Amino acid sequence: MRTTVGIIGAGPAGLLLARLLHTAGIESVVLESRDREYVERRQRAGVLEQGTVDVLRAAGAGARMDREGLRHDGIELRFARRRYRVDFPALTGGKSVMVYAQTEVCKDLIALQVKEGGPLVFGAEALAVRGVDGERPHVVFRHEGREDVLECDYVVGCDGFWGVARKAVPAELVRVYERTYPFGWLGILADVPPSHDELVYAHHDRGFALLSMRSPAVSRLYLQVPEGTDADAWDDDEIWRELERRFETGDGWRLERGPVTQKSVTPMRSHVQEPMRYGRLFLAGDAAHIVPPTGAKGLNLAVGDVVTLARALTHQRETGSAELLDSYSETCLRRVWQAERFSYDMTTLLHRAPDATAFEDRLQLARLERIATSRAAATDLAEAYTGFPFE
């Protein structure tokens, strides 16, 4: 098999890159180790930045998102039993975010790829990436019990932290920056309409809580729990009681309960691998960087990566210049580190560390008060939340 760009992974990064390349007239093949049903059901992020929304629309993948997605013009911060709304459009010149699950983004992009794009091969497990330091890179993969080779001009690793792409960069060239947090998120899906029409980020002396949603009828809620917590150790009633404690306000607001349909624990960590390019291999999304979910940046960072790469590949084809390809890693990392900074700020602002002192507790409240009383501080949060520009 031969193509121009070999893409490993059919998550939102790989699928969107294939779509952007298709519209630019550049051939690609996408290899995905899982089957289509698994990809279209895997639960991940659900908040799309303004830039991500704009890119999906421009790529022809925004029609269902615009019909079924939930536009949000702000978030609510809760602390000391008080509520403060951050108004995104007022602070950013009109930007907003869209609540639209990653599963739905993948469904839309898969449908477009199958109908109009190049090959999308499910059940194709990438085994090795070779030759990226020369002129003939290729991906060795297994499909339907047989080994095969995908020859290409460029390889793009969109296969996540555990994939083979990032391991193809020689260890002596890799720089890794990471932080692991001593807590995680116990998340639930519940068949109950959201109790608030926007996301609620709650600071509480018992720990952080987040009220989110997947649709007008399905709520997504999270609790800060100790690292290593087993989700099954919490029964449903206990989860609801703890959520009620942490979301409590002084104005009589109520959290509505409903049947819990899914329960899991998400670890919290930050990870960046530099560089994001080695020869003809380019890393995108979780293959290069991971952020704690507090800032809603993971999927959006992946989109920024592939937009940057698609532009660079298009520029190379049209002009013969590799200038943008050569600067891919540097360009992406500027945005990545701003997102890492924001995610770290949000995480340390809202979560209570197990060994936190009274002094540190008071500093958190002072930081929240600053956002609630300073337009400049609120603007900084709103600009970061709605998304850093794609360069």
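**Close-up views of a predicted model**

View 1. Ala128 has Val140 in strand 10 as its bridge partner. Strand 10 covers residues 138-143 and pairs with strand 9 in the antiparallel sense over 6 bridges. Strands pair if DSSP finds at least two bridges between them; strands (E, at least two residues) and helices (H or I, at least four) are DSSP runs numbered from the N terminus. The sheet is open, with the order 9-10-11 and antiparallel pairing. Its edge strands, each pairing on one side only, are strand 9 (124-130) and strand 11 (146-151). From one strand to the next, the twist averages 25°.

The model is predicted: local features need pLDDT of at least 70 and side-chain atom pairs count only at pLDDT 80 or more, while totals for chains, interfaces and linings use all residues. Residues are numbered from 1 along each chain as its sequence is written, and side-chain values use heavy atoms, with hydrogens and water left out.

View 2. Strand 2 (residues 28-32) pairs with strand 8 in the parallel sense over 3 bridges. Glu32 stands opposite Phe122 of strand 8.

**View 3. Arg78 in strand 5.** Arg78 belongs to strand 5 (residues 74-79). With a relative accessible area of 2%, Arg78 is buried (buried is under 20%, exposed over 50%, partly exposed in between, with a 1.4 Å probe and protein chains only). The side chains of Arg78 and Glu76 are joined by a polar contact of 2.6 Å; such a contact is a pair of N or O atoms within 3.5 Å, and within protein one must be able to donate a hydrogen and the other to accept it, residues adjacent in sequence counting only if both atoms are side-chain atoms. Beyond neighbours within four places in sequence, the contacts of Arg78 include Tyr201, His203, Phe247 and Trp253.

View 4. The whole structure has 0 disulfides (pairs of cysteine sulfur atoms within 2.5 Å). The sulfur of Cys106 lies 11 Å from its closest cysteine sulfur, in Cys158, too far for a bond. Cys106 is buried at 1% relative accessible area.

Note on methods:
Axes are lines fitted to C-alpha atoms, for helices over the stretch in contact, and angles run from 0 to 180 degrees between N-to-C directions. Contact means heavy atoms within 4.5 Å.
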